[in-house]
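Colleague: Please show me how to read a protein model, one feature at a time.

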Amino acid sequence: MANKLNKDFYCVIMAGGIGSRFWPMSKTAKPKQFLDILGIGKTLLQLTYERTLSVCIPENIVVVTHKSYKELVHAQLPQLSESQLLYEPVRKNTAPCIAYASYKIAALNPNACIVVAPADHLITKEDEYTQILLAALEASQQEDCLITLGITPHRPNTGYGYIQVNDEVALYSNKQIKKIKTFTEKPDLEMAKFFLASGDFFWNSGIFIWSVKSILKAFETYLPDINAMFKEGQDVYNTAGETEFINNVYAGCKNISVDYGIMEKAKNAYVLCANFGWSDLGTWGALYEQATKNGDGNHLTGKNVMLYKSKNNIINVPHDKLVVLHGLNNFIVVESNNILLICPKDEEQEIKQFVNDVKAEKGEKYI
């Protein structure tokens, strides 16, 4: 299959996040993208890499991560060469990450078209996902456009960003790719219900497709300061001087997302809406929704769990730990790294606060 793939198609996998809402399983030293969170013998990063092989050749896959995860990425994706791994010295959100990868790819292939995908998402309908990506890549080759994938919402989720579609304006090369009308960040429940009922709004997947020319032009227009810093290294990318240059750039780079910095401002932002079994797996609740459950609605990871009168829980404990639960409903029960978390599913937004409090009161070793 690989020899049939377009050699101008690239993929950038973003794998530098901390995933604090999946604490205590996801910790700073080993965040969720490096975990077998689904219990299937593969990490989220490995699954993302494998999906990517359906749209671009292996040597056109780039992983951007924090420098502290170098060994983790090497261990989980040993097939990648050192030139395919980009290490950020500090986390500065998605715009600097994408600028770095785009300039590095542009130095190799100015005709490149790129998929940018987070390493920690779940996609269950992979064939449909592949077809969607290929359609978007082909459109990005033909037109100056910045495309994001929109997901058909099936509930009023307040944890996702929403995209409103302008059905009247579409790309010339693909009428399914519509102009973006508005972006809304994480609405309240009433607003999310309105969005769902209207049919005009889609979840923002955070998966992007564009040509390297289009995204660099957008950086120049909307984030000129970031663009100037990375552009200065045009002759340094893919050479021995790249690491030192990037360390200097990141020290002065502002922290900003590509959504806020570019997509919400760009006149050529489009969305391709689809349903390919997507979840950003941002929380334990999101994992529970996607996971297999027993007759009582419990999702179990752990070989020695005994349940009595307990329903609709997500339970993730070590295989050698005997856990007996009686009369527990709609809870998250997770033990990892000698840390036990027990929290109602509908209050999981508190986990981020728990992490902050633990860090302040108990120290970094638990985070």
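Modeller: A disulfide would need two cysteine sulfur atoms within 2.5 Å. Searching the whole structure turns up zero disulfides. Before we go on, this is a predicted model, in which local features need pLDDT of at least 70 and side-chain atom pairs count only at pLDDT 80 or more, while totals for chains, interfaces and linings use all residues. Residues are numbered from 1 along each chain as its sequence is written, and side-chain values use heavy atoms, with hydrogens and water left out.

Colleague: Which residues are buried in helix α6?

Modeller: Helices (H or I, at least four residues) and strands (E, at least two) are DSSP runs, numbered from the N terminus. Residues three or four places apart on an α-helix point the same way, because there are 3.6 residues a turn. In α6, residues 212–222, the buried ones are Val 212, Ser 214, Ile 215, Leu 216, Ala 218 and Phe 219. Their cover includes helices α3 (94–108), α7 (224–231) and α9 (258–263), along with strands β4 (113–118), β6 (146–151) and β9 (201–211).

Colleague: How many residues does the largest nonpolar core have?

Modeller: A nonpolar core is a set of buried Ala, Val, Leu, Ile, Met, Phe, Trp, Tyr and Cys residues joined through side-chain atoms within 4.5 Å. The largest one here has 49 residues, and Ile 147, Leu 149 and Phe 276 have the most contacts inside it. Helix α4 (residues 126–142) gives the most to this core: seven residues. There is also a second, separate core of 46 residues, with Val 12, Ala 101, Leu 216 and Ala 218 among them.

Colleague: What is Ile 147 in contact with?

Modeller: Contact means heavy atoms within 4.5 Å. Setting aside neighbours within four places in sequence, the contacts of Ile 147 include Ala 136, Ala 139, Leu 171, Phe 208, Met 263 and Tyr 270.

Colleague: Now the strands. In what order do the four strands of the open sheet come?

Modeller: Two strands pair if DSSP finds at least two bridges between them. The order is β12-β14-β16-β17, with mixed pairing. β12 (299–301) and β17 are at the edges with a single partner strand each, so one side of each has no neighbour in the sheet. Between β14 (residues 314–316) and β16 the pairing is parallel, over three bridges, and Asn 316 has Val 334 of β16 as its bridge partner. β16 (residues 331–336) and β17 run antiparallel, joined by six bridges. They form a hairpin with two residues between them, and Asn 337 in the turn has a positive phi of about 55°.

Conventions: Buried < 20%, exposed > 50% of the residue type's maximum accessible area, 1.4 Å probe, protein only.
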